[in-house]
Amino acid sequence: MPRFSKAVASLRSSEIRDLMTLASRPDIISFAGGMPGNELFPVHEIEELYRSLDIKQKQAAFQYGPTPGLPSLLESLAGFLEKKGLPVKENRLLITTGSQQALNVLAKAFIDPAEPVLVENPCFIGALSAFRSYEAELRGVPVDRDGISIDALCREIERKDRAKLLYITPYFHNPAGLLYTIERKQQLIALLQGTNIPLIEDDAYADLYFFEEDLERLRPIKAMNPDGINVCYTGSFSKILGPGLRLGWMLVPEKIYGKCELIKQSADACSPSFTQVLADAFIRSGQIYSYVASVRQEYKKRATAMVSALREHLPDYVQWNEPRGGFYIWLTLPDEADATQIMTLAIEGGAVFVAGKTFDPAGKQNNSLRLSYCNNTPEQIGEGIPIVAGAIRNICG
Ligand SMILES: Cc1ncc(COP(=O)(O)O)c(C=O)c1O
């Protein structure tokens, strides 16, 4: 047996990978993956944009680029982020290979083996695996419908062996679907000030809101620019253009940026120039805004279809969120329920989702499950939800 490092010995086999295999079986309706619908990608628009580039731009697309990102994309992306009120000029922007790399780079920058890291429970699996890969001790803090529990966070912060880092996903949370309230963000800021705990604010989904009235609530903590907190803001082109581009970013204070740039350099030297050129053209043409507006409508339609199917078919004892944006609905079942058992039955019936314990930092709590509506038509949703509901009734009564 090869002698692996301690860091990778602690990595578990990827449940995401297993689930993706299931999700790709053609006979199954998959509510498992958090990926955009293939039919929604702006294939023709990107073809046109590539065709319209001059030869120098096309050559640059094939070439290595600077580690922080192509200057033209850094400039256009800065404009896109400034529209959200983000303090781009007072911070540094780094293009990353998906926002997954941003999380990995930040984890490497801050975490030594056995150091505690605070995460929401449930939490995005990609963040958990990034933190695990640096041997963090994961401390889950529960969430409710308004955001992270302030009481539980307070207890964590008062501990003698206080955590090194806090990671949150306040906007259309993956997997819990929730959107933080303004009050909850303010309480969080007040609690973190002066603790010297950097905050990773993961904003992969905020552009996919369904209701204009939520715009104020979607204002990032990074944009509030709170005194005395190092906010490391991460974002991604994956849900607003396509995950195949593998492009994300981080916006971080100068003192953190320097280390992150060095870490990224050793990881992959630069993110793909080819897709950076395309993303830049997509922003500069203004199409990013019209495209995002159109997918927002489509995801809202799919979410509405799922909500009405759940209302019709789910037993009353299941609690769930009505999504205001993003990709996910989170179902909470009675305490003793086992979502893996339900999942096995659902797969037999022809539908799949992700069992809750995948998102538990301790990998245990399993009376919950995540449904994604992003990758299915309303018809498929109408067909698949009764299968899921039937499996729940079968197991939970
Ligand atoms: C909350 C959250 N953060 C980050 C990512 C990573 O996305 P990417 O690496 O494609 O930018 C995802 C992907 O699903 C996500 O759900």
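# Note on the predicted model

1. Helix 3 and helix 12 are roughly perpendicular to each other, a label given to angles of 65 to 115 degrees, whereas angles under 35 degrees count as roughly parallel, those over 145 as roughly antiparallel and the rest as oblique. Helix 3 covers residues 43–51 and helix 12 covers residues 273–284; they pack at an angle of about 100°, with their axes 10 Å apart. Axes are lines fitted to C-alpha atoms, for helices over the stretch in contact, and angles run from 0 to 180 degrees between N-to-C directions. Helices (H or I, at least four residues) and strands (E, at least two) are DSSP runs, numbered from the N terminus.

2. The model is predicted: local features need pLDDT of at least 70 and side-chain atom pairs count only at pLDDT 80 or more, while totals for chains, interfaces and linings use all residues. Residues are numbered from 1 along each chain as its sequence is written.

3. On the helix 3 side of this packing, I46, L49 and Y50 meet L278, A281 and F282 of helix 12; contact requires C-beta atoms, placed from the backbone, within 7 Å of each other. By class, the contact of helix 3 with helix 12 has six nonpolar, no polar and no charged residues. Here Ala, Val, Leu, Ile, Met, Phe, Trp, Tyr, Cys and Pro count as nonpolar, Asp, Glu, Lys and Arg as charged, and the others, Gly among them, as polar.

4. Eight strands form an open sheet in the order 2-9-8-7-6-3-4-5, with mixed pairing; two strands pair if DSSP finds at least two bridges between them. Strand 2 (92–96) and strand 5 (147–148) are at the edges with a single partner strand each, so one side of each has no neighbour in the sheet. Helix 7 (residues 125–133) packs on the sheet and touches strand 3 (116–121), strand 4 (137–144), strand 6 (165–168) and strand 7; its direction makes about 165° with that of strand 3.

5. Within the sheet, strand 7 (residues 199–202) and strand 8 (residues 231–236) pair in the parallel sense over four bridges, and I200 stands opposite C232 in strand 8. Strand 2 and strand 9 (residues 248–252) run antiparallel and are joined by five bridges, with R92 opposite V252 in strand 9. Although strand 2 is an edge strand, four of its five residues are buried, so it is largely enclosed by the rest of the structure. Buried means 20 or more other C-beta atoms within 10 Å of the residue's own, exposed 12 or fewer, and partly exposed in between, with C-beta atoms placed from the backbone.

6. S236 lies in strand 8 and is buried, with 24 other C-beta atoms within 10 Å. S236 touches G98, S99, A204 and G248, not counting residues up to four places away in sequence. S236 and I95 are 141 residues apart in sequence but 9.4 Å apart in space, C-alpha to C-alpha.

7. Of the 14 residues around the ligand, G98, S99, Q100, S236 and S238 come nearest; a residue is near a molecule or strand if its C-beta atom, placed from the backbone, lies within 6 Å of it. Helix 6 (residues 98–110) gives the most to this shell, with three residues. The shell has three nonpolar, ten polar and one charged residues.

8. Strand 14 (residues 368–372) has five of its five residues buried, so it is largely enclosed by the rest of the structure. In a regular strand the side chains alternate between the two faces of the sheet. From strand 14, S368, R370 and S372 point one way and L369 and L371 the other way, and all are buried. Strand 11 (residues 328–332) runs antiparallel to strand 14 over five bridges, and L331 has L369 as its bridge partner. Strand 13 (residues 354–355) also runs antiparallel to strand 14, over two bridges, with V354 opposite R370.

9. Most residues other than glycine have a negative phi, and most peptide bonds are trans. A cis peptide bond joins N121 and P122, with omega about 5°; P122 lies in the loop between strand 3 and helix 7. N174 and P175 are also joined by a cis peptide bond, with omega about 15°, and P175 is in the loop between strand 6 and helix 9 (182–192).

10. Two residues other than glycine have positive phi values: N225, near 55°, and A269, near 65°. N225 is in the loop between helix 10 (221–224) and strand 8 and is partly exposed, with 14 other C-beta atoms within 10 Å. A269 is in the loop between helix 11 (254–268) and helix 12 and is exposed, with 11 other C-beta atoms within 10 Å.

Notes:
Two residues are in contact if their C-beta atoms, placed from the backbone, lie within 7 Å.
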